[in-house]
Structures are given as C-alpha cells and as structure tokens.
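Thanks for coming. I will take a few minutes to go through the fold on the screen, beginning with a pair of helices and then moving to the sheet.

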Amino acid sequence: MQHPILLIDLDNTLYDYERAALTTRGEVLTELGQALGAEPATLHAAWEAARRSIATAASGHELRRARFALLLEPYAARGDAELWAARFTCAFSRAVRWSPGAQAAFERLAAARCVMVVTEGYDDIAAATLAALGIPTITRLATHGTGTTKRDGSAFTAALASLGAAPKDALVIGDNYALDVLGSAERGIASLWLTLGREPPPDPPRTLRGTARDLAAAAARLVP
Ligand SMILES: [Mg+2]
C-alpha cells in the first residue's frame, strides 16, 4: 500500500549527528581554550559536566547559553556565554553534511510524496539544521515546547494533524527504533526502519513494514 505522507526523521537519517556534534565541539572548545588560555582537555571535561547537569531549556539556544555559562563560571568571561552559544550554533551549521546518498533520496521522495521532517528536539536547532541542508523549513515539526514526543507517537499525530492527514495515510522513516518504529506503532502508524547496518530487534510491531540500510535504499524501494 502506498502512503501519500512520509514523516522523515532528521538526526542520523539525513545527516550524521554524532560527527557534526564532535566536529562542532572540537572547533568551538579549541577557540574557547585559546581565548581563555585554558587546556582543551579541561574544557572538554567541563563541557561534558555542563551537558550532564543542564539537560533541557526553553530553546536550543538557551540550552547552549546555560551550558556555556556554567562552563565559563571559573573564568572571567562568564558574560560571554551568549556569544559562545551563538558561535556554537554557527559552527554546528557549518559541520552539518548530508549522509551519503541522502540528499538525492530526500529529493526523490519529496518529488513523489508529501514529505514532512519530524524531529525529537528543539525547533530552533531543527530550523538551523534544515537550513544548513537546504530543506525548506515549512516541512518540519520539532517536539520540544509543543508538548509532544516521538516516544508515545504524539509527535507523529501532531505532524499529521498539521497536514490534515490520518495515521493510515503515513509512513514514518527513521533510524531510531525506540522513537521512530515503536513510537509510531503506539498510534498505529506504519514505519520503515533505517538499520544503518544494525541487526533488527526481535518481535517488531505489526506496523513495521520493512527495513532499509539507509535513506537512499529506502527511496529506491518506495519510489522505483
Ligand atoms: Mg534519528
């Protein structure tokens, strides 16, 4: 059965989140170390501690600002947290790259079906990431601040409601088994899991319609 609506995941489906995050952290903390005269290893440890102690905020920018404020506390530059948060956001946008084959696959899917990007995270970060990839931001839904989450499927039903569509119309495509496959199953929405080379877990929900290595393989199957 063909699904007219495709709800496509962002992190690790369209681009390699871990690679972009590591590149960004390395670049920004190196610059910060030079500015403060501090050892990079000290700043990396402090950044990890700040990440652990500040997990959520009103926006992605506020989250980064609060973490930099904590990291800068021992130094005479605490007032610069806002600026370093902005520099981090710019560096992250520079570090975002399409996964191999994902851009052509996304364009192929978007040309044939109605595509919406649904991501578990902050709207401002999602907007910047999609802008870095060159995807029109009208097609996104991010969960933080909307009271929805992929985990119970409410993010997917909210995305469908915004399109005037029903669960039966949609196929969720994503790499996160717990969020994209099990979350969508909670609302009876079909899914296609991107394995990224991993073995599928046993006892999949009946809504799982198949697996594909990555988005390129998924697009080749859905739009032959
Ligand atoms: Mg993902």
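Before the first angle, a definition: an axis is a line fitted to C-alpha atoms, for helices over the stretch in contact, and angles run from 0 to 180 degrees between N-to-C directions. Keep in mind that this is a predicted model.

Start with helix 1, residues 17–36, and helix 2, residues 40–53. Their axes come within 9 Å and cross at roughly 120 degrees. Helix 1 brings R25, L29, T30, L32 and G33 to the contact, and helix 2 brings P40, L43, H44 and W47. Sorted by class, that contact has five nonpolar, three polar and one charged residues.

Six strands form an open sheet with parallel pairing, in the order 3-2-1-4-5-6. Which strands stand at the edges? They are strand 3, at 140–142, and strand 6, at 208–212. Each has a single partner strand, so one side of each is left without a neighbour in the sheet. From one strand to the next, the twist averages 20 degrees.

Take strand 6 again. Strand 5, residues 190–194, pairs with strand 6 in the parallel sense over four bridges. In strand 6, L208 is the bridge partner of S191.

Last, two helices that lie across strands. Helix 6, residues 123–133, lies across strand 2 and strand 3, at about 145 degrees to strand 3. Helix 8, residues 177–185, lies across strands 4, 5 and 6, at about 165 degrees to strand 5.

Note on methods:
Residues numbered from 1 in each chain as written. Predicted model: local features only at pLDDT ≥ 70, side-chain atom pairs only at ≥ 80, totals over all residues. Pairing = 2+ DSSP bridges. Contact = placed C-beta atoms within 7 Å. Nonpolar A, V, L, I, M, F, W, Y, C, P; charged D, E, K, R; others polar.
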